[in-house]
Amino acid sequence: MRVVIVTESFPPDVNGVAHCALQTARHLVDRGHSPLVVAPATAAGTGPDASAPCPVVRVPSLPLPGYPQVRVALPSRRVAAAMAEHRADVVHLASPFVLGVRGMAAAARLGIPAVAVYQTDLAGYARTYMGVGEATAWRRIRSVHAAADLTLAPSRAALHDLETHGIPRVKLWQRGVDTVRFRPEHRDETLRRELAPHGELIVGYVGRLAPEKQVELLSGVCGLEGVRVVVVGDGPSCAHLDEALPGAVFLGRRTGDDLARIFASLDVFAHTGPFETFCQTVQEAMASGVPVVAPAAGGPLDLVAHGRTGLLFPPRDTAAVRDAVAALAADPALRTAYGTAGRATVEGRTWAAVGDQLIGHYGDVLAARRPVVAA
C-alpha cells in the first residue's frame with residue numbers, strides 16, 4: 001500500500017502530532033508498505049530528514065505568531081505533486097488544519113481516498129493563538145473532515161465532540177505507547193538525588209509550556225511540604241511559569257531515553273491541561289509505572305481509572321490538584337499500587353497493535369471505494 005502522510009508537524013518537532021506521524025510511518029515501513037511524509041519545513045530549512053523511516057517532502061512554512069516553535073505551512077504545489085508522484089493509494093491527514101486542508105483538497109482532485117486523524121483541540125488552539133473564534137474553527141474542521149472518507153478520533157470524548165459538531169463517518173482510534181522505552185526499570189536514584197536532594201517526593205509535568213496546558217495549576221503543589229515539582233518541556237509560557245511555580249525545577253525539552261529515565265524517576269505524574277483529545281504523556285507515565293493525577297476531561301477520561309491507576313480532578317481547580325497529589329504523597333503503598341496497575345493497563349497498547357488497527361481502517365476505506373461488480 002502506498003500512503004502519503006500529510007502532517008501539520010513532524011520531527012524534529014516534539015509534540016503529539018509529530019510523534020504519532022513518525023510512529024505511523026515507521027509501522028507502515030515495518031509492515032512492508034510505502035509511506036511518504038509531507039510536512040512543514042523546519043526553522044533550519046528543508047534539509048534532509050536523515051532519521052526518518054521514509055522520504056519526507058518539506059513545504060515552505062512560517063512560525064506561528066506568538067508561538068514560534070510551531071510552523072504553519074504556506075501554500076505550495078508540492079502537496080499535490082507529492083501525492084501524484086508517489087502514486088498514493090490512500091492519504092493520511094494528521095491533525096489537518098492548514099496543510100491538511102490542502103492535502104484534503106489535493107486528494108479529492110486526484111480521486112484518492114483520505115483518512116483524517118483528529119488529534120489536537122484545534123478550536124481551542126485557534127482561539128488561543130490565531131484570534132479565531134471556536135465556531136469559525138469548527139466550520140473549518142468540519143469542512144475538511146466531512147470531505148474525508150473516514151475520521152479517526154483518539155478518545156471517546158473527542159469522538160463525541162466531532163459527532164456533536166456534525167462530523168460524519170467517525171471511528172475511535174487510540175494511540176500506542178513505547179512500553180520498551182518507557183518502563184519502571186529506568187528509575188534512576190542518582191537523578192532523583194539531583195532533582196530532590198533532601199529526599200522530596202517528585203511530582204512531574206511533561207509537555208508543552210503553553211497557556212492551554214494550564215501548568216500554573218501546579219502552584220498549590222509547590223506549596224506542599226516535602227514535595228518537589230519538576231517540569232519538562234518548553235514553550236511560550238516558560239517565563240510566566242518560572243514565577244508561578246516557586247521552587248520548581250525546569251529541565252527544558254527532553255526526548256528519547258533521557259525522557260524515559262525522568263518519567264520512571266517520578267513519584268507522581270501530574271497533567272493539568274483540560275483540552276487534551278488524548279494525552280500521550282499520561283500513557284508514558286503509566287508505562288513507566290508512575291501514578292497519574294489528571295483532569296476529568298477529554299482524553300484522560302479514557303486513560304486514567306480513578307482510584308485504580310491514578311486520580312482525576314475537576315478541571316481548572318488548583319486546590320483539587322494539590323489535594324490529589326497530597327493524597328498520593330501521604331500513601332506510598334497507594335502510589336505503588338496505582339503505578340503497577342497503570343503499567344499493566346498499557347502493556348498491550350503498543351504502536352504495533354494500534355498501527356495494525358490503522359492499516360485495517362485504510363483497508364476498509366479502500367474497499368468502500370472499489371466499484372461493485374455485478375454478478
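Mentor: Axes are lines fitted to C-alpha atoms, for helices over the stretch in contact, and angles run from 0 to 180 degrees between N-to-C directions. Helices (H or I, at least four residues) and strands (E, at least two) are DSSP runs, numbered from the N terminus. The model is a predicted one, in which local features need pLDDT of at least 70 and side-chain atom pairs count only at pLDDT 80 or more, while totals for chains, interfaces and linings use all residues. Residues are numbered from 1 along each chain as its sequence is written, and side-chain values use heavy atoms, with hydrogens and water left out.

Trainee: Why is helix 1 called roughly perpendicular to helix 15?

Mentor: The axes of helix 1 (residues 16-30) and helix 15 (residues 351-369) cross at roughly 80° and come within 10 Å. Angles of 65 to 115 degrees count as roughly perpendicular, under 35 as roughly parallel, over 145 as roughly antiparallel and the rest as oblique. Helix 1 is therefore roughly perpendicular to helix 15.

Trainee: Which residues make that contact?

Mentor: Contact means heavy atoms within 4.5 Å. Helix 1 contributes H19, C20, Q23, T24, H27 and L28, and helix 15 contributes W351, A352, G355, D356, L358, I359 and Y362. These residues divide into 7 nonpolar, 5 polar and 1 charged. In this division Ala, Val, Leu, Ile, Met, Phe, Trp, Tyr, Cys and Pro count as nonpolar, Asp, Glu, Lys and Arg as charged, and the others, Gly among them, as polar.

Trainee: What makes the 6 strands an open sheet, and what is their order?

Mentor: Two strands pair if DSSP finds at least two bridges between them. The order is 12-11-10-13-14-15, with parallel pairing. Strand 12 (249-252) and strand 15 (310-313) are the edges, each pairing on one side only. On average, neighbouring strands are turned by 20° against each other, direction ignored. Helix 13 (residues 318-329) packs on this sheet, touching strand 10 (201-206), strand 13 (268-270), strand 14 (292-295) and strand 15, and its direction makes about 165° with that of strand 15.

Trainee: How do you know that strand 10 pairs with strand 13?

Mentor: The two run parallel and are joined by 2 bridges, and the criterion is at least two. V203 stands opposite V268 in strand 13. Strand 10 and strand 11 (residues 227-232) also pair in the parallel sense, over 6 bridges, with R228 as the bridge partner of I202. Strand 11 in turn pairs with strand 12 over 3 bridges, again in the parallel sense, and V230 has V249 as its bridge partner.

Trainee: What makes the pair of Y118 and W138 stacked?

Mentor: Rings of Phe, Tyr and Trp (its six-membered ring) pair if their centres lie within 6.5 Å; planes under 30 degrees apart count as stacked, over 60 as edge-to-face and the rest as tilted. The ring centres of Y118 and W138 are 6.2 Å apart and the planes stand at 25°, so the pair is stacked. The partners are 20 residues apart, with Y118 in the loop between strand 7 (114-117) and helix 4 (122-129) and W138 in helix 5 (residues 134-147). Y118 is buried, at a relative accessible area of 2%, and W138 is buried at 7%.

Trainee: Is R169 buried, exposed or partly exposed, and what is the value for Q214?

Mentor: R169 counts as partly exposed at 43% relative accessibility, whereas Q214 counts as buried at 13%. R169 has phi near 55°, a positive value in a residue other than glycine. Phi of Q214 is near 50°, also positive.

Technical notes. Buried means under 20% relative accessible area, exposed over 50%, partly exposed in between (1.4 Å probe, protein chains only).
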